[in-house]
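Reader: I have a chain and its ligands to look at. Please take me through the fold, then the ligand surroundings, then a few single residues.

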Amino acid sequence: MSVDRRAETSGGELVVFEDEYTRLEVVPRFCKDCGICIECCPVEILEAHDGAVRVTDISACTACEQCELRCPDFAIRVTRKKKRPKNQQEQAGG
Ligand code: SF4
Ligand code: SF4
């Protein structure tokens, strides 16, 4: 099951997008809304929202880590919890 679940910790310091396969954390106060991660995401699931980036569909995330690697401000962290089944990756990739 792919669930786009998000949770916020105290003070809104960390915004979490996760399903059973992938966890992606954004620290809004580190994000300068430069758009680099949005441009580099191969499945186009990142977008600007209220001055920081957010994930539109975590179930499509391939955990490629491009967003984390390219972010100049360490505002994104990606954790692959377990390998996503291939049929889900194909759906995600279009
Ligand atoms: S690359 Fe980093 S700083 Fe730039 S929009 Fe993405 S998360 Fe924010
Ligand atoms: S890990 Fe890859 S697929 Fe997932 S949001 Fe980041 S760039 Fe996109």
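Reader: Among contacts in the chain between residues at least 6 apart in sequence, what share joins residues at least 24 apart?

Author: This is a predicted model. The contacts counted here are those between residues at least 6 apart in sequence. The share of them that joins residues at least 24 apart is 51%.

Reader: In what order do the elements of the chain run from the N terminus on?

Author: The chain has three helices and six strands. Counting from the N terminus, their order is β-β-β-α-β-β-α-β-α.

Reader: What percentage of the residues in the chain is buried?

Author: A residue needs 20 or more other C-beta atoms within 10 Å of its own to be buried. The chain has 94 residues, and the buried part of them is 23%.

Reader: How do the residues around ligand 1 divide by class?

Author: The shell around ligand 1 includes Cys 31, Cys 34, Cys 37 and Cys 71. Lys 32, Asp 33 and Asp 73 are also among the residues around ligand 1, and Lys and Asp count as charged. By class the shell has three charged residues, one polar and eight nonpolar.

Reader: Which residues come nearest to ligand 2?

Author: Around ligand 2 the shell divides into 12 nonpolar residues, two polar and one charged. Of these 15 residues, the nearest are Cys 41, Cys 61, Cys 64, Gln 66 and Cys 67.

Reader: How far apart in space are Glu 39 and Cys 67?

Author: Glu 39 sits in helix α1, which spans residues 36-40. In sequence, Glu 39 and Cys 67 are 28 residues apart. From C-alpha to C-alpha, their separation in space is 8.9 Å.

Reader: Is Glu 44 buried or exposed?

Author: Glu 44 lies in the loop between α1 and β4. Although Glu 44 is not a glycine, its phi is positive, at about 55°. Within 10 Å there are 12 other C-beta atoms, so Glu 44 is exposed.

Reader: Where is Phe 74 placed?

Author: Phe 74 has a positive phi of about 55° and is not a glycine. Phe 74 is exposed because 10 other C-beta atoms lie within 10 Å. Its place is the loop between α2 (66-70) and β6 (76-80).

Methods
Residues numbered from 1 in each chain as written. Chains lettered and ligands numbered in written order. Predicted model: local features only at pLDDT ≥ 70, side-chain atom pairs only at ≥ 80, totals over all residues. Near = placed C-beta within 6 Å. Helix = DSSP H or I, 4+ residues; strand = E, 2+ residues; numbered from the N terminus. Contact = placed C-beta atoms within 7 Å.
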